[in-house]
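Visitor: I would like to learn how to read a structure feature by feature. Could you take me through one, giving the general idea before each case?

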Amino acid sequence: MPRLYALLVLLHAYVAWRIAPDLAATPVLTPFLLWLVASVILMPHTFGARDAADRARADRLAWAGGIAMGAFSSLLVLTLLRDIGLVVSAQLLDAAAYTGLRLQSAIAVPLLAIALTLLGLFNARRRAAVRNVDVPIDGLPHALHGFTIVQISDVHIGPTIKRGYVEAIVDAANGLRADMIAITGDLVDGSVANLREQASPLSRLVSCHGTFFVTGNHEYYSGARSWVAELRRLGMRVLMNEHVVLDVGNATLVVAGVTDFSAEHFHGSERSDPARALAGAPASPAVKLLLAHQPRSAFAARDAGFDLQLSGHTHGGQFLPWNFFVRLQQPFTAGLRTLGALTVYTSRGTGYWGPPMRLGAPSEITLLTLVRA
């Protein structure tokens, strides 16, 4: 942690060094420097106090830290882009024009960062839009053509996402009258004791075949076994390397679920295993569906013979430019992709994590419809 905080201070110092001198003769300088000081102080609170004794104070600090983190992210990126632009402009402009550009861009950077922060906050806090996705499946029988799945993922109920936010998601999902609901992990950020009331609206989720849940990495940070018990109490079917068989007309749909890709680091007996999740399933079901929090489960899912995998985890990057870095860890960032005979859908998430900010990666409640290829 001391090293991370030192890095945080250095990044703020870089922004001050590159912007502040050009603001020296303007009234913008003092509020700009105060912003940087407040940012350094508040950002560490974004994640560190979710289970503190004083819940209300911890939540306020998480709000302030998250907004500060999102704002500084925009500020840092814009400062870097400004520096690149100034290097190029120095070769093209005369001295007077270059000096004017330095001043104008120094004022523009914090103003634009504020605007992006407000836009990102609005995008994050509004209820996720419904995204309709047709999923083509080879040889899909008539009985399953038009079968609908509502996918909810990465809500992150916690310091800044509370009961009202969850109720809006539940109402929207129920309004879609789906055949089943799949929640693909990272539902919570905090203990059952602190978040039981905030998560309680999930008991109202309704679909023809019920609600299925698989753990994400944040469930393991938050006490996965306690949450599994609580979500079962709320009426969900939690799939821990296991499956259920749904009879739809004269067709069979196997719905399997695995623990998070990282689960074995928390509980060795819960290693994520798509092949184990299929053990004992019918030999030739019409569709084999896997719920797996992280897209990188897809390689094992393909080898196990699944037709479709639903995942989340990535948030689609949540806000620019971090969507480009997701690809360093996960094979898919968002949307419908194929891996051999396996189709993978990766949700951008229904909530957000950390900074209450979404830019270029809108949240979604996904309505997936199985159709014949």
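Guide: Let us begin with burial: a residue counts as buried under 20% relative accessible area, as exposed over 50%, and as partly exposed in between, with a 1.4 Å probe and protein chains only. By that scale aspartate 83 is buried, and arginine 18 is buried as well. Please keep in mind that this is a predicted model, in which local features need pLDDT of at least 70 and side-chain atom pairs count only at pLDDT 80 or more, while totals for chains, interfaces and linings use all residues. Residues are numbered from 1 along each chain as its sequence is written, and side-chain values use heavy atoms, with hydrogens and water left out.

Visitor: What do the side chains of aspartate 83 and arginine 18 form where they meet?

Guide: The term needed here is the salt bridge, meaning a side-chain nitrogen of Lys or Arg within 4 Å of a carboxyl oxygen of Asp or Glu. Aspartate 83 and arginine 18 form such a bridge, with 3.0 Å from N to O. Aspartate 83 belongs to helix H4 and arginine 18 to helix H1 (residues 2-19), so that the bridge links distant parts of the chain, 65 residues apart.

Visitor: How many salt bridges does this rule give?

Guide: The count comes to 13 salt bridges. One of them pairs arginine 204 with aspartate 171, whose closest N and O atoms are 3.1 Å apart. This pair also links distant parts of the chain, for arginine 204 sits in the loop between helix H7 (192-199) and strand S4 (211-213), whereas aspartate 171 sits in helix H6 (residues 163-175), 33 residues away. Arginine 204 is partly exposed at a relative accessible area of 36%, and aspartate 171 is likewise partly exposed, at 45%.

Visitor: Is aspartate 303 buried or exposed?

Guide: Aspartate 303 has a relative accessible area of 59% and is therefore exposed. Its side chain meets that of arginine 302 in a salt bridge of 3.2 Å, N to O, and arginine 302 is partly exposed at 35%. Salt bridges can also share partners, and in this way Asp22, Arg82 and Arg102 are joined into one network.

Visitor: At what angle do helix H2 and helix H4 pack?

Guide: For such an angle, axes are lines fitted to C-alpha atoms, for helices over the stretch in contact, and angles run from 0 to 180 degrees between N-to-C directions. Helix H2 (residues 29-42) and helix H4 (residues 55-90) pack at about 125 degrees, with their axes 9 Å apart. Angles under 35 degrees count as roughly parallel, over 145 as roughly antiparallel, 65 to 115 as roughly perpendicular, and the rest as oblique; H2 and H4 are therefore oblique to each other.

Visitor: Which residues of H2 and H4 meet?

Guide: Contact means heavy atoms within 4.5 Å. In H2, Phe32, Trp35, Leu36, Ser39 and Leu42 meet Ala64, Gly65, Ala68, Ala71, Phe72 and Leu75 in H4. These residues divide into 9 nonpolar, 2 polar and no charged, where Ala, Val, Leu, Ile, Met, Phe, Trp, Tyr, Cys and Pro count as nonpolar, Asp, Glu, Lys and Arg as charged, and the others, Gly among them, as polar.

Visitor: How do the axes of H1 and H2 cross?

Guide: The axes of H1 and H2 come within 10 Å and cross at roughly 170 degrees, which makes H1 roughly antiparallel to H2. Tyr5, Leu8, Val9, His12, Val15, Ala16 and Ile19 of H1 make the contact with Phe32, Leu36, Ser39 and Val40 of H2, and by class this contact has 9 nonpolar, 2 polar and no charged residues. Valine 9 of H1 is partly exposed, with a relative accessible area of 36%.

Visitor: Where is a positive phi found in a residue other than glycine?

Guide: Asparagine 241 is one case, with phi near 55 degrees, and it lies in the loop between strand S5 (237-238) and strand S6 (242-248). Histidine 315 is not a glycine either, yet has a positive phi of about 60 degrees, and its place is in the loop between strand S9 (308-311) and helix H12 (323-326). Asparagine 241 is buried at 6% relative accessibility, and histidine 315 is buried with a relative accessible area of 6%.

Notes: Helices (H or I, at least four residues) and strands (E, at least two) are DSSP runs, numbered from the N terminus.
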